[in-house]
Amino acid sequence: MCLAIPGKVLEIQAVEPMRAARVQFGGIIRQVSLDFVPEAKVGDYVMVHVGFAISLVDAAEADRTYKVLSELGMLEAELPPADSE
Amino acid sequence: MKYLDEYRDARIARALAADIAAHVTQPWVLMEICGGQTHTIMRYGIDDLLPREVELVHGPGCPVCVTPLETIDKAIALASRADVILVSYGDMLRVPGSHSDLFHAKAQGADVRIAYDPTEAVKIARLNPGRKVIFLAIGFETTAPANAMAAWQAKRDGLRNFSLLVSHVLVPPAIRALMASENNRVQGFIAPGHVCTVMGCAEYEALVRDFRVPIVVGGFEPVDLLEAILMLVKQLEAGEARLQNQYVRSVSYTGNLPAQHIMAEVFEVADQKWRGIGAIPQSGLRLRESYAAYDANLIFDVGEIIVDEPAECISAQVLQGLKKPTDCPVFAMRCTPENPLGAPMVSTEGACAAYYHYRRHAVSGKEGARDHD
Ligand code: SF4
């Protein structure tokens, strides 16, 4: 129930007095409310829960974390394989 | 998909697991609060990657699982009225009440509809002015702003045929209750990343301080969870208790202020009963007095419903991390996702259903042994 998934903002729309966006999740495109993340722009990634964006994914942070972690993975790959007990 | 696949990289997962093993010198019991995290742990076998010393126990963070039986019974009673359309998140339909569930009520002719987004319930009310539309508003802090927005829109539009049956739960009071319990075994928590996306981190600082327990706000992908576990193990091994945020790409210290604002406008904190666990003071939300006209509990009198849990369901202990689903004598036997006895077997985020889907075969030896009981 508390799952939120990241999607890419394709287009900003005005719906009623609110802002909404067309957001792409893999192959699926849905309309998402931007009431809680009004600063989202086309091209941004937002975390979406029950039809509402709840955060703007911090792209720099996501990339940095991934880079740090994948270097850890690389390092591991260069070590001899762990003993299989 | 961007920001999903990267965090499912098996190579990084193995490296993190090796790092955890390199840091651990003694046994630690860690709890992930959120059912979504439990699901990831079971699905990707994260507990199997961990060194023997690190035990994961599963927390109460499945809102479907902790919605009180009374609320389900009330929803079924209301749905059965000819003038009512009951709208619910799909996960709620198969949750057993004391006699039946919403799915059966629907099969017997009740107008029960599923919404993905709570404002769809408001649209149904606009389109059906002659019917009373009731939205079963459940969830943790993650879902509360969206549910609040449905109430806010209905009030803005002056809708007279829309109300909410609210059963909202809050995470920090539940952690407090777990830590204060004399049976508690948990030594570190993975806090729920999406709850904190909305609420921020401040509430967890107080828990860290009061109980000297490390808390790491964690995400939902395998690599997120392993990194959160590594951060907890490093703190525990160093004798530290701090709040750390692993899920920085979504969680800020202050959280989502517009979302908190609408929550505070519509809801206020109240005592709340948790299915299987019991009442926890100030652990839920109810509609404010200014929203009384939208409160199904005040509009419809279905009488006081008091019911007991099925005696054989040990979900109370499961939801508090005291027992594993596989310790339940009826797990995967008389209790299955097709025929759930308790709520944790219904939702995919419930610990019992997660074990059923991903671990049933690991306990088939136990099932075989039980045949001879
Ligand atoms: S397996 Fe079924 S009966 Fe046992 S604790 Fe889980 S939900 Fe309850």
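User: How many bridges join strand E1 of chain B and E2(B), and in which sense do the two pair?
Analyst: Strands of a sheet pair through backbone hydrogen bonds, either parallel or antiparallel. In this predicted model, strand E1 (residues 28–34) of chain B pairs with E2(B) in the parallel sense, over 6 bridges. One place to look is B:Trp28, which stands opposite B:Val54 in E2(B).

User: What is the strand order of the open sheet that holds E1 and E2 of chain B?
Analyst: The order is E2-E1-E7-E8-E9 (chain B), an open sheet of 5 strands with parallel pairing. Strand E2 (54–61) and strand E9 (243–245) of chain B are the edge strands, and each pairs on one side only. From one strand to the next, the twist averages 25 degrees.

User: Which strands does helix H2 of chain B touch?
Analyst: Helix H2 (residues 35–43) of chain B packs on this sheet and touches E1, E2, strand E7 (188–192) and strand E8 (215–218) of chain B. The direction of the helix makes about 120 degrees with that of E1(B).

User: What is the pairing in the open sheet of 6 strands?
Analyst: The pairing there is mixed, and the order is E4-E3-E5-E6-E11-E10 (chain B). Strand E4 (112–114) and E10 of chain B each have a single partner strand, so one side of each is left without a neighbour in the sheet. Ignoring direction, neighbouring strands are turned by 25 degrees against each other on average.

User: Which pairs run parallel or antiparallel in it?
Analyst: Strand E5 (residues 132–139) of chain B and E6(B) run parallel, joined by 7 bridges. Here B:Ile134 has B:Ser163 in E6(B) as its bridge partner. Strand E10 (residues 267–274) of chain B and E11(B) run antiparallel, also with 7 bridges. These two form a hairpin with 3 residues between them, and B:Gly276 in the turn has a positive phi of about 80 degrees. Strand E6 (residues 162–169) and strand E11 (residues 278–287) of chain B pair in the antiparallel sense over 2 bridges.

User: At what angle to E6(B) do helices H5 and H8 of chain B run?
Analyst: Helix H5 (residues 69–79) of chain B runs at about 165 degrees to E6(B). Helix H8 (residues 144–156) of chain B runs at about 160 degrees to E6(B), lying across E5, E6, E10 and E11 of chain B.

User: Where does the ligand sit, and which residues surround it?
Analyst: The ligand sits in the largest cavity. Among the residues around it are B:Cys313, B:Ile314, B:Phe331 and B:Met345. By class, the shell has 10 nonpolar, 2 polar and no charged residues.

Technical notes
Residues are numbered from 1 along each chain as its sequence is written. Chains are lettered from A and ligands numbered from 1 in the order in which they are written. This is a predicted model: local features need pLDDT of at least 70, side-chain atom pairs count only at pLDDT 80 or more; totals for chains, interfaces and linings use all residues. Side-chain values use heavy atoms; hydrogens and water are left out. Two strands pair if DSSP finds at least two bridges between them. Helices (H or I, at least four residues) and strands (E, at least two) are DSSP runs, numbered from the N terminus. Axes are lines fitted to C-alpha atoms, for helices over the stretch in contact, and angles run from 0 to 180 degrees between N-to-C directions. Contact means heavy atoms within 4.5 Å. A residue is near a molecule or strand if one of its heavy atoms lies within 4 Å of it. On a 1 Å grid over the protein atoms alone, a cavity is a set of points where a 1.4 Å probe fits but cannot get out, and a pocket is an open set with protein on both sides within 12 Å along at least five of seven lines; lining residues have an atom within 4 Å of a point. A molecule sits in a cavity or pocket if more than half of its atoms lie within 2 Å of its grid points. Ala, Val, Leu, Ile, Met, Phe, Trp, Tyr, Cys and Pro count as nonpolar, Asp, Glu, Lys and Arg as charged, and the others, Gly among them, as polar.
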